[in-house]
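Student: I would like to go through the terms used for this model and see what each one rests on.
Tutor: Then look at the model before we start.

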Amino acid sequence: MRADAARNLEAVLTTGARMLADDPSASIGAIATEAGVDRRTVYRRFASREELLAAIYDSRLAAVEDVVRTARFSETAVPVALHRYAEGIIEVNRRWPVELTRMRAEPSIQDRRSRLSTEVDAFLQRATDEGFLREDIPAGWASRLLIQLLHLASKEDMEAPRAADLLVQTFLNGVGAR
């Protein structure tokens, strides 16, 4: 793909994610205008609104997969890996603020999401085994809490590294081992 075509595609996808998060009925024409491309450019790439949505979901998921890879859950110290993960997911949530309910229901995406959830759960188990998280909390509590903290931190008006600092401190002190 040519560099300008790649830039246009990225602009359409990120603009679409943002606009559809704000207004799920946003038209492809409005997304194209906001992204600074011709509507025909979008329609050449995506035959329908559903195809555009699928590409947005796929791009978001690819970004999350990259964050999980970069966090290096199994070989990095727990607090460092947690910070890398939190900072990366905060940035993904801000760049790709698309509504996730449909993404969770897409059969083509479920397997990828399941693998990511398994990796995060294994990391949280490692954090528990190494004494960073309490053992006396209900199963799945740390995972659900982390998801909520990530959502909250993504909405904060602060740089992602600082939001990740706050999240890690809150998470490790809130469910961390004593």
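Tutor: The model is predicted, so local features need pLDDT of at least 70 and side-chain atom pairs count only at pLDDT 80 or more, while totals for chains, interfaces and linings use all residues. Residues are numbered from 1 along each chain as its sequence is written, and side-chain values use heavy atoms, with hydrogens and water left out.

Student: How many helices and strands does the chain have?
Tutor: The chain has nine helices and zero strands. Helices are DSSP runs of H or I with at least four residues, strands are runs of E with at least two, and both are numbered from the N terminus. The C-alpha trace spans about 60 × 35 × 30 Å along its principal axes.

Student: Why is Arg112 called buried?
Tutor: Buried means under 20% relative accessible area, exposed means over 50%, and partly exposed is in between (1.4 Å probe, protein chains only). Arg112 has a relative accessible area of 17%, so Arg112 is buried. Buried residues make up 43% of the 178 residues in the chain.

Student: What makes Arg112 and Asp58 a salt bridge?
Tutor: The term requires a side-chain nitrogen of Lys or Arg within 4 Å of a carboxyl oxygen of Asp or Glu. For Arg112 and Asp58 the N to O distance is 2.5 Å, and the side chains meet in a salt bridge. Arg112 is in helix H7 and Asp58 in helix H4, 54 residues apart, and the pair links distant parts of the chain. Asp58 is partly exposed because its relative accessible area is 35%. A network of salt bridges links Asp58, Glu65 and Arg112.

Student: How many salt bridges does this rule give?
Tutor: The count comes to ten. One of them joins the side chains of Glu10 and Arg95, at 2.0 Å from N to O. Glu10 lies in helix H1 and Arg95 in helix H5, so this pair ties together parts that are 85 residues apart in sequence. Glu10 counts as partly exposed because its relative accessibility is 31%, and Arg95 is partly exposed at 44%.

Student: Why does Arg2 count as exposed?
Tutor: Its relative accessibility is 59%, so Arg2 counts as exposed. The side chain of Arg2 meets that of Asp4 in a salt bridge (2.8 Å, N to O). Asp4 counts as partly exposed, because its value is 31%.

Student: Which residues have the most contacts inside the largest nonpolar core?
Tutor: Tyr85, Leu146 and Phe171 have the most contacts inside this core of 57 residues. H4 gives the largest share, eleven residues. A nonpolar core is a set of buried Ala, Val, Leu, Ile, Met, Phe, Trp, Tyr and Cys residues joined through side-chain atoms within 4.5 Å.

Student: What is the phi of Arg72, and where is this residue?
Tutor: Arg72 has a positive phi of about 55° although it is not a glycine. The residue is in the loop between H4 and H5. Arg72 is partly exposed because its relative accessible area is 39%.

Student: Which residues gather in a patch of negative charge on the surface?
Tutor: Glu91, Glu156, Asp157 and Glu159 gather there. Patch residues have over 30% relative accessible area and no salt bridge, with like charges joined within 9 Å. Asp and Glu count as negative, and the place of a charge is taken as CG of Asp or CD of Glu. Areas come from the Shrake-Rupley method with a 1.4 Å probe. Glu91, in helix H5 (residues 78–95), counts as partly exposed because its relative accessibility is 42%.

Methods:
Patches are made of residues with over 30% relative accessible area and no salt bridge: like charges are joined within 9 Å, nonpolar side chains (Val, Leu, Ile, Met, Phe, Trp, Tyr) within 5 Å.
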